[in-house]
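Notebook open, structure loaded. I want to look at the ligand site, then a pocket, then the aromatic pairs.

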Amino acid sequence: MSILKESSIDQDFALLDKISEHEQVVFCNDKNTGLRAIIAIHNTTLGPALGGCRMQPYKNLDEALNDVLRLSKGMSYKCAAADVDFGGGKAVIIGDPLTDKTPELFRAFGQFVDSLGGRFYTGTDMGTTMDDFIHAKKETKHIVGVPEAFGGSGDSSIPTAAGVLGGIRATNQMLFGKDDLSGVTYAIQGLGKVGFKVAEALLEEGANLYVTDINESSVMKIQEKAQTTRGSVTVVEGNDIYSQEADVFIPCALGGIVNDDTIDKFKVKAIAGSANNQLLSEQHGERLTQKGILFAPDYIINSGGLIQVADELYGANKERVLLKTKEIYSVILRVYKEAELNQITTMNAANKICEKVIENRGKRNSFYSPSTKPKWDIRN
Ligand code: NAD
């Protein structure tokens, strides 16, 4: 009897240990709609938590919990790097996005978000769409990234692409001592919403590009675009993109593209693109450093979209967003310089800078709460 009791106490603490880096983890259950979700708030030192909501058919609770804990912590770093006065949060809905979505399910999710009283703002992520959050927004004002017609700020790929271009300029500055986009060769993987805009801008600057996309129409469109510019496009097939003799590789499609298979293929001097979680593991970041390949931390170079949704809460303003997105250039450059100075990976340098931002702010104003928020804060 006593053994059983002790082991159940151990398990309870195991869960608390697991969430010990987080301020708050909320398990949401709504029998009528079938909603099962977890909201994780990692750190609100910089402001209320902000992070998207994923929907995925997780195999079990542990998988969903691990995902939401990892992603919400990542958002604390991303918000710190982007200087947006938000903390890190994330939500996951356990379910199949193809079969389990209903308007009522998202309204129920919206109610749970509302119950946090402004400590957590959310919007779309993998498996959820802007339309889903139109339903959630009927229950709470703490939703970002809905269509412009519903008060949102629209296509986030515009500032994301602008931020990537700023990050590439910083990369060129570090590599070649000049931050022009021209005179450099690039290999772009993915010509979707972000990659296409980046490719177009580089062509306008007269750059030579190697490109690949599984979608042939995007490839054709960029070839047509090249005809009207001083730049050039060479189309390569699938995985051949990793071994091109370019200066900078720009991943704008998939995560995990720096892995055991690709690392020996790279002939580039740097990797700087929008894809999330480009390093399969921390160790792959170290191997890039050993190879002398500069790596622009993805969560910083792709933060233009975050800057845009964060800005919605002050009344969306595209000009302000683009101005703030320009700061990505200096943040990336600072990361490169600190990594070089301290002989560490750029990812480690980025993380240290972000941790310092949170620590310093915490000394002044350590805990965000809607009831103690400053008077100028109009977010609620
Ligand atoms: P998207 O879906 O519009 O574009 C992705 C493109 O990659 C598509 O054209 C697709 O055909 C192509 N693609 C998929 N698999 C490929 C493969 N194996 N080889 C070559 N091409 C392939 O997405 P997006 O909005 O342009 O985002 C691109 C990346 O940037 C994603 O990883 C996304 O998570 C990340 N990101 C986007 C934003 C944003 O604001 N859109 C913000 C931050 C991060």
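Lysine 193 puts a polar side-chain atom 2.9 Å from a ligand oxygen. For aspartate 213, I get 2.7 Å between a side-chain N or O atom and an oxygen of the ligand. Asparagine 276 has a side-chain N or O atom 3.0 Å from a ligand oxygen. I also checked burial: the ligand taken alone exposes 830 Å², and the protein buries 73% of that (accessible areas by Shrake-Rupley, 1.4 Å probe).

A note on what I'm reading: this is a predicted model, where local features need pLDDT of at least 70 and side-chain atom pairs need 80 or more, while totals for chains, interfaces and linings use all residues. Numbering runs from 1 along each chain as its sequence is written, and side-chain values use heavy atoms, with hydrogens and water left out.

I find 20 residues around the ligand, and Ser156, Thr160, Val194, Asp213 and Ser274 come nearest. Helix 5 (157–176) and helix 6 (193–204) each supply at least two shell residues (helices are DSSP runs of H or I, at least four residues; strands are E, at least two). By class I count 7 nonpolar, 11 polar and 2 charged residues, with Gly among the polar ones and Asp, Glu, Lys and Arg as charged.

Then I looked up the second largest pocket, about 320 Å³ in volume. A pocket here is an open set of points on a 1 Å grid where a 1.4 Å probe fits, with protein on both sides within 12 Å along at least five of seven lines; lining residues have an atom within 4 Å of a point. The volume is the space filled by probe spheres set on those points. It has 15 lining residues, those closest to its centre being Thr289, Leu294, Ala339, Glu340 and Ile344. Helix 12 gives the largest share of the lining, 3 residues.

Last, I searched the whole structure for aromatic pairs and got 7.

Methods
Near = heavy atom within 4 Å. Polar contact = N/O pair within 3.5 Å; in protein donor to acceptor, adjacent residues only side chain to side chain. Phe/Tyr/Trp six-rings, centres within 6.5 Å; stacked < 30°, edge-to-face > 60°.
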